[in-house]
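Colleague: I would like to go through the terms used for this model one at a time, and to hear on what grounds each of them is applied.

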Amino acid sequence: MQFVKSGYHGFFLPEAGVALDGPLPRDVEGTVFISHAHADHAPRSRKSEVCATPATAALIRARGHRGPVREIPFGETLHLPSASVTLYPAGHILGSAMIFVESEYGTLLYTGDCRTPPSPTSEGFEMPDRHIDHLIIEATFALPIYKWAPHRELFDRIRRFVHQTLEDGATPVMLCYNLGKAQEVMHALAFAEAPGPPIQVQIHKDGAPLCRVYEQFGVNLGCWEVFDPETLPGKVLITPGNTVNMPGFNQIPNPRFAYVSGWAALENRSGRTDVGALIPLSDHLDFFELIDLCRKYAPGHVHLTHTPDSSVALHYLRKHDISCSDLKLMEPAASII
Ligand SMILES: [Zn+2]
């Protein structure tokens, strides 16, 4: 089976006529599938035609996509001229899908970004009940230093940080991405068990339309509103780390920052300005989950992708007699450019 590079993170399967998280090569007929709505996987062109889950369709539209989106629910198979494609829940963020492709050249599962145990704000995690000839799996955190604590434990840490900060008369500022992580933190705070009124949250304005999509799809995000420094005292602010120098932030009374990300597992991240807590809540597999998943489903060949360093994971997989390599992408052939 051939894999041809396509766009930033994506690739094209010439025999199947299917592009995954990237555009079709120029003048080539085929179908584009999007695994989830994060910017490095969503279509670069706002007018392009793609297939995605209903939640991913809603999220990319909320971020400005204007092209046609064919909505494919989880578990429903789309029959194309040269392949059949089914989407399975990836556990990463709302709507995130693993893409299963069947063709006369065999079966392939592309995980996109995935997480098991799944994020409580996703639709869960489910593998196809079929043999997988080629597993293309993300390996963002592919070193043994990355081992995540259970969601329950990390959610407790988030609640404790927020309660303590509010009790101290300071403002909790949770630094995390607008899509996925922000909603996980909001979901954790919606279930805070402390006595008294519910915790009130303010979020960065770009996160608001995404939160509305989560709520449309039934995720409880608790009491929230858009960031307003005038009414922030006594509430929690959730905002991306790159926004802290923007207008209004210098009006936040006594801010105390928490960095919420898988990258918070690296202690040197505490060097970020005034970060009071590092909470390694990730929506990706950790190293051990990656190895376990590959062992459990025993695919014909594992292709690691989205990784800064695959050497240790490849070593462990080979120790377990799993055929594996980095994903090798061909440059688009001149004939199909
Ligand atoms: Zn992602």
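This is a predicted model: local features need pLDDT of at least 70, side-chain atom pairs count only at pLDDT 80 or more; totals for chains, interfaces and linings use all residues.

Colleague: What makes the contact of glutamate 102 with arginine 130 a salt bridge?

Modeller: The term requires a side-chain nitrogen of Lys or Arg within 4 Å of a carboxyl oxygen of Asp or Glu, and the closest N and O atoms of this pair, at 2.4 Å, meet that limit. The pair links distant parts of the chain, since glutamate 102 belongs to strand 9 and arginine 130 to the loop between strand 10 and strand 11, 28 residues apart. The structure holds 7 salt bridges.

Colleague: Why do glutamate 102 and arginine 130 count as partly exposed?

Modeller: Buried means under 20% relative accessible area and exposed means over 50%, with partly exposed in between. Glutamate 102 has 21% and arginine 130 has 45%, so both values fall in the partly exposed range.

Colleague: Which parts of the chain does the salt bridge between arginine 115 and glutamate 289 tie together?

Modeller: The side chains of arginine 115 and glutamate 289 meet at 3.1 Å, N to O. Arginine 115 lies in the loop between strand 10 and strand 11, whereas glutamate 289 lies in helix 5 (residues 287–297), so the pair ties together parts that are 174 residues apart in sequence. With relative accessibilities of 2% for arginine 115 and 15% for glutamate 289, these two residues count as buried.

Colleague: How many residues separate aspartate 156 and arginine 159 in helix 2, and what does that amount to in helical turns?

Modeller: Aspartate 156 and arginine 159 are 3 residues apart in helix 2, and are therefore separated by about one helical turn. An α-helix has 3.6 residues a turn, so residues three or four places apart point the same way. The side chains of aspartate 156 and arginine 159 meet in a salt bridge at 2.8 Å, N to O, with aspartate 156 partly exposed at 31% and arginine 159 buried at 15%.

Colleague: How do you know that the span of helix 2 agrees with what its residues should give?

Modeller: Helix 2 has 17 residues (residues 151–167), which at 1.5 Å a residue should span 24 Å, and its end C-alpha atoms are 24 Å apart, so the two values agree.

Colleague: Why can one say that the buried residues of helix 2 line one face?

Modeller: The buried residues of helix 2 are His151, Leu154, Phe155, Ile158, Arg159, Phe161, Val162 and Thr165. Seen down the axis of helix 2, they fall within an arc of 160 degrees, so they line one face of the helix. The face turned away from that buried side carries the exposed residues Arg152, Arg160 and Glu167. What covers the buried residues of helix 2 includes strand 12 (171–175), helix 3 (181–190), strand 15 (236–239), strand 16 (255–260) and strand 17 (275–279).

Colleague: What puts the buried residues of helix 6 on the same side?

Modeller: In helix 6 (residues 311–319) the buried residues are Ala313, Leu314 and Leu317. They cover an arc of only 100 degrees around the axis, which puts them on the same side of helix 6. They pack against helix 5, strand 18 (301–305) and strand 19 (324–326).

Colleague: Where in the chain do histidine 92 and aspartate 113 lie?

Modeller: Histidine 92 lies in the loop between strand 8 (84–89) and strand 9 (97–103) and aspartate 113 in the loop between strand 10 (106–110) and strand 11 (134–138), so the pair ties together parts that are 21 residues apart in sequence. Histidine 92 counts as buried at 1% relative accessibility, and aspartate 113 is buried at 5%.

Terms used: Residues are numbered from 1 along each chain as its sequence is written. Side-chain values use heavy atoms; hydrogens and water are left out. Helices (H or I, at least four residues) and strands (E, at least two) are DSSP runs, numbered from the N terminus. Buried means under 20% relative accessible area, exposed over 50%, partly exposed in between (1.4 Å probe, protein chains only). The expected span of a helix is 1.5 Å times one less than its number of residues. The arc is that of the directions from the helix axis to the C-beta atoms. Contact means heavy atoms within 4.5 Å.
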